[in-house]
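Subject: Structure for your files

Hello,

Here is the structure we discussed, with the sequence alongside. My notes follow below it.

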Amino acid sequence: MERKIKKEKRYRRHRRVRAKIYGTASRPRLCVFRSAKHIYCQLIDDEKGKTLASASDLELKRLRKKLTKKEKAFEVGKLIAKKAKNLKIEKVVFDRGGYQYHGRVKALAEGAREGGLKF
């Protein structure tokens, strides 16, 4: 029961945030989804309803060393920034998906900034 309430609260926060932010082709929305084990992010053009690029920690399998979830999130941020650079995208709108800007979400944002994205 507690999990259902927690999820519903996150959805409400997410809808509230989404009412205010909007991604365009020149400045897409960097959307974050965090599960218990993994973290995913996408660059979305809301005008066309298209995903321009995506990245997740599942793509980091090539890194043989063990990383914590926070370190994986940082690497995913750098990976999405690299993919954005290939698409000639420098500025994005950050959508934290109703999650607190804390921990893994913050690490992903810092990794994206280090990779060259501007929010």
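Which side chain of opposite charge is nearest to aspartate 57, and how far away is it? The model is a predicted one, and in it the answer is lysine 72, at 4.7 Å. A salt bridge needs a side-chain nitrogen of Lys or Arg within 4 Å of a carboxyl oxygen of Asp or Glu, so aspartate 57, although buried, has no salt bridge.

Aspartate 57 sits in the loop that runs between strand S3 (50-56) and helix H2 (69-86). Its side chain does make a polar contact with the side chain of histidine 38, at 3.1 Å. Leaving aside residues up to four places away in sequence, aspartate 57 touches Lys37, His38, Ile39, Lys72 and Val76.

Arginine 10, in helix H1 (residues 2-18), is another buried charged residue without a salt bridge. For arginine 10 the nearest side chain of opposite charge is aspartate 95, 7.6 Å away. Its contacts, again not counting residues up to four places away in sequence, are Phe33, Gly97, Gly98 and Tyr99.

The other item is a helix pair. H2 packs against helix H3 (residues 104-114) at an angle of about 35 degrees, and the two axes are 7 Å apart. The crossing is right-handed. On the H2 side the residues in contact include Lys69, Ala73, Phe74, Val76, Gly77, Ile80 and Ala81. On the H3 side they include Arg104, Ala107, Leu108, Gly111 and Ala112.

Regards

Definitions and conventions
Residues are numbered from 1 along each chain as its sequence is written. This is a predicted model: local features need pLDDT of at least 70, side-chain atom pairs count only at pLDDT 80 or more; totals for chains, interfaces and linings use all residues. Side-chain values use heavy atoms; hydrogens and water are left out. Helices (H or I, at least four residues) and strands (E, at least two) are DSSP runs, numbered from the N terminus. Buried means under 20% relative accessible area, exposed over 50%, partly exposed in between (1.4 Å probe, protein chains only). Lys and Arg count as positive and Asp and Glu as negative; His and the chain ends are not counted. A polar contact is a pair of N or O atoms within 3.5 Å; within protein, one must be able to donate a hydrogen and the other to accept it, and residues adjacent in sequence count only if both atoms are side-chain atoms. Contact means heavy atoms within 4.5 Å. Axes are lines fitted to C-alpha atoms, for helices over the stretch in contact, and angles run from 0 to 180 degrees between N-to-C directions. A crossing is left-handed if the near helix is turned anticlockwise from the far one by less than a right angle, and right-handed if clockwise.
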